[in-house]
Amino acid sequence: MRIAVIDESASRASVIREGLAQLDDCEIFVLTERQGLVVRIQEIAPDVVLIDLGNPSRDMLEEYFTVSRALSRPIAMFVDESDEETIGASIDAGVSVYVVDGLAATRIRPVIDLAVRRFGAFARLQADLDEAKGKLAERDNVDKAKRILMKNRNLSEPDAYAELRRKAMRSSRRIAEIAEAVVTAHDLLGDGE
Amino acid sequence: MSEHLIIGFLPLVDACLPILAAEHGFAAEEGLELSFVRDVSWATVLDRLLYGHSDAAHMLAPLAIATTLGRLRPAQPLAAPFVLGLNGNAITFSPELAAAVDAPEGRLGDPLAIGQALAVEARRRASAKRKLRFGVVHRYSSHNYMLRYWLAACGVAPDVDVEIATVAPPFVADALENGEIDGTCVGEPWSSVAVERGVGQIVLATAQIWRRGVEKVLAMRESRLDERRDAVEAMIRAMRKAGTHFVDPANWKANAAILAAPRYLDASPELILRAISDRLVLARGSAPIHYPDFMFQHREAANFPWVSQAEWLYTQMVRWDGVPFDPREAVKATRVFRPDVYRSALAGTGDLLPGASSKVEGSLGQTTAVSAQQGTMVLEQNSFFDGRSFDPDDLPGYLAGFSS
């Protein structure tokens, strides 16, 4: 089975490729370039096309598939009415699946299941990364806020932290939020350092 | 108790009414909380709607009909209780093609004159090297149908004399620049983006082809409409209020700034302002021109889903998909537009409600008073540039008129 993975995110595409490589008898083609997409698809003549929902080339591709109905290997969106769940899961994971006419659903399903898992895994990685970045930014803000308090109110570092914490508890907010407010206020009013 | 609706949209100026309904608190006034899902292809907007990621979506009117008829996906009935706007698209040529057809400077062209010059150029190009290519945003779009209607009426056979391909709006300027296409029919701000980059000249507004041409609708699954009927009616009232705000010149700048935000259009507020004020810059560096009703979002009950509009779109689908006219399909297509829901939402609000739900399209050469549910309402000129009119009582007859 020839599978084309169209994804402008090269890192996600390689995560998907790696997942699909577990399948037997599959040849996988990754397309990350928008230019010349249709020509590449024609050359590859895939049995299955996976494309992420955020890809701006989807309408162009669907147009090509519609026109391709006249060709010997018409391709259409995979919609197995007996298996709404599989399709729903793929849309939830952020991937749409097109298959060549006549390919059995039993052959397609493992491909979709793997793609869905890989998309999900990639989304989790991304979320972890965003969270880690957020945490770093928060810690940075708390440090800045402490320094501002130490300087402007002559506090020791532990006292500055205690002050942030006291304020946070009193207003039932997180320390990071109070720190961000202190930094913002300082930037607005501040000594311009 | 507030109801929550999730709205899918593509970053285009005519997604304005749902966005402004939320931003200005009109939705909240109706007890409605709106959230938005922004996408970059119609295919994804549609899939989210079909698989329940969104409750309703900003959608190409023909795509809502095509989905109901099962043209791209297995058939799923969609309902459109509100037209988000009429027209608002431009036909933009590469500077070379604009020069070749003698597009005038400083004003929009005459559709017939430009079309006839284009017919000559199209034949020259077809015999010389390669056919002229036009980009439209989707196969099932008013852009495609307006462009084809105009070309065919001027003696240019779409798919024969010229090619028409799908190009996503954000890439239209690139495609003009690298010669992938010679012209486009696209919604704002994308023609203006091409103009600013010096790779396109606006030669016509689609309102010149059909003065009151139906454009986007608010579409939803029919079943979801039934389940969320109260919320949908609240949404319709909120969008009518947003429309009043949108067309008031005092609000243009502020609304352009809201729509420009990264979570909505993520585009230049100056370019958005051109569309919403009907003041277009046709070529880079030239003075803006005022073309009234370039976008038509509110007056004359512009949001009323006329059944005759759906029928016109169906005739164009028959015409260009090359499938035979089928009276059962025509009925299904017609039922996508839901004036009954629009009426029920606005009954008692004092808003204008037409007396009929269908009209002969393109028959009004001048301002005409027609009956409303209470009193009369005034409809301005609503003509097709070639002088044809569309009688919804005789679809086969209308279609036969094109087969020459």
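A nonpolar core is a set of buried Ala, Val, Leu, Ile, Met, Phe, Trp, Tyr and Cys residues joined through C-beta atoms within 7 Å; buried means that 20 or more other C-beta atoms, placed from the backbone, lie within 10 Å of a residue's own. The structure is a predicted model, in which local features need pLDDT of at least 70, side-chain atom pairs count only at pLDDT 80 or more, and totals for chains, interfaces and linings use all residues. Residues are numbered from 1 along each chain as its sequence is written, with chains lettered from A and ligands numbered from 1 in the order in which they are written.

**View 1. The largest nonpolar core comprises 176 residues.** Those with the most contacts inside this core are A:Leu50, B:Ile65, B:Ala80 and B:Ala219. Helix H11 (residues 229-246) of chain B supplies the largest share, 9 residues; helices are DSSP runs of H or I, at least four residues, and strands are runs of E, at least two, numbered from the N terminus.

**View 2. A second, separate core contains 9 residues.** Among them are A:Val142, A:Leu149, A:Ala160 and A:Ala179.

**View 3. Surroundings of B:Ala219.** Not counting residues up to four places away in sequence, B:Ala219 touches B:Leu49, B:Ala56, B:Ala57, B:Met59, B:Ala64, B:Leu78 and B:Ala80 (contact: C-beta atoms, placed from the backbone, within 7 Å).

**View 4. The contact between chains A and B draws 17 residues from chain B and 17 residues from chain A.** On the side of chain B that touches chain A, helix H3 (residues 42-50) gives the most, with 4 residues.

Conventions:
Buried ≥ 20, exposed ≤ 12 C-beta atoms within 10 Å, placed from the backbone. Contact = placed C-beta atoms within 7 Å.
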